[in-house]
Amino acid sequence: MIRAENVSKRVQVADSELSILKEANLTIESGESVAIIGPSGSGKSTLLGLLAGLDEPSSGDIWLGGEHLNGLNEDGRAALRARLVGFVFQSFQLLPGLTALENVMMPLELRGDRKAAQVSREYLEKVGLSHRLDHYPRQLSGGEQQRVALARAFAPQPGILFADEPTGNLDAATGASVNDLLFSLNKESTTTLVLVTHEPILAQRCERRITLEAGAIVADSLEPSIA
């Protein structure tokens, strides 16, 4: 489902070049749940963004769903993400001018799904928000906003879900509840899950852990998950 070969990311800083990611090699199979872990600044979010086609590597090759990302322009990568990928971000990324229902419907409507409203209502019910369909993000708590984000991510039934610190802005109890929902929906959908987290307990719910240190993959282990 995902393959990276010798992927590096470098950025220009003043008069020098900063290496953020160094020759990463990995393969993620369909249906796997993978946690990308490591200390702050180790390159976790950079790796996730590259694998998802949100950014371009300085060198190396990436395949997403069998498509060679290096051969696609920005529009091509966006079309591939719309067809294949769901996202959940730490900052929720809901559109403030749309209701909860409209936020979930948006990706479905963009691809011309005639059942967008029906499917979106079903997923908002799954995340316990059937009573909040017409509320705007500013009227929702942080936990409720992330539940809307989960519904929006899973409603199009993506082949791959990328999650970047999905509970980083939530308190412990709310975060645990959102995590339960994330893994429940993922199990139901058999989606490939790639999760960036600094939380050991959350990482242990994944079948596989990839550890980064100073931009390099230093460990890649398959272990029984606690999910």
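The model is predicted, so to speak for its limits: local features need pLDDT of at least 70, side-chain atom pairs count only at pLDDT 80 or more, and totals for chains, interfaces and linings use all residues. Residues are numbered from 1 along each chain as its sequence is written, and side-chain values use heavy atoms, with hydrogens and water left out. Mean pLDDT (the predictor's confidence in each residue, from 0 to 100) is 93 for the protein chain, with 98% of residues at 70 or more.

A pocket here is an open set of points on a 1 Å grid over the protein atoms alone, where a 1.4 Å probe fits, with protein on both sides within 12 Å along at least five of seven lines; lining residues have an atom within 4 Å of a point. Of the 19 lining residues, Arg 81, Ala 82, Val 85, Phe 87 and Pro 107 lie nearest the centre. Helix H2 gives the most to this lining, five residues (helices are DSSP runs of H or I, at least four residues, and strands of E, at least two, numbered from the N terminus).

Elsewhere, the axes of H5 and H6 (lines fitted to C-alpha atoms over the stretch in contact, with angles from 0 to 180 degrees between N-to-C directions) come within 10 Å and cross at roughly 10°. That makes the two helices roughly parallel, a label for angles under 35 degrees.

Technical notes. Parallel < 35°, antiparallel > 145°, perpendicular 65-115°, else oblique.
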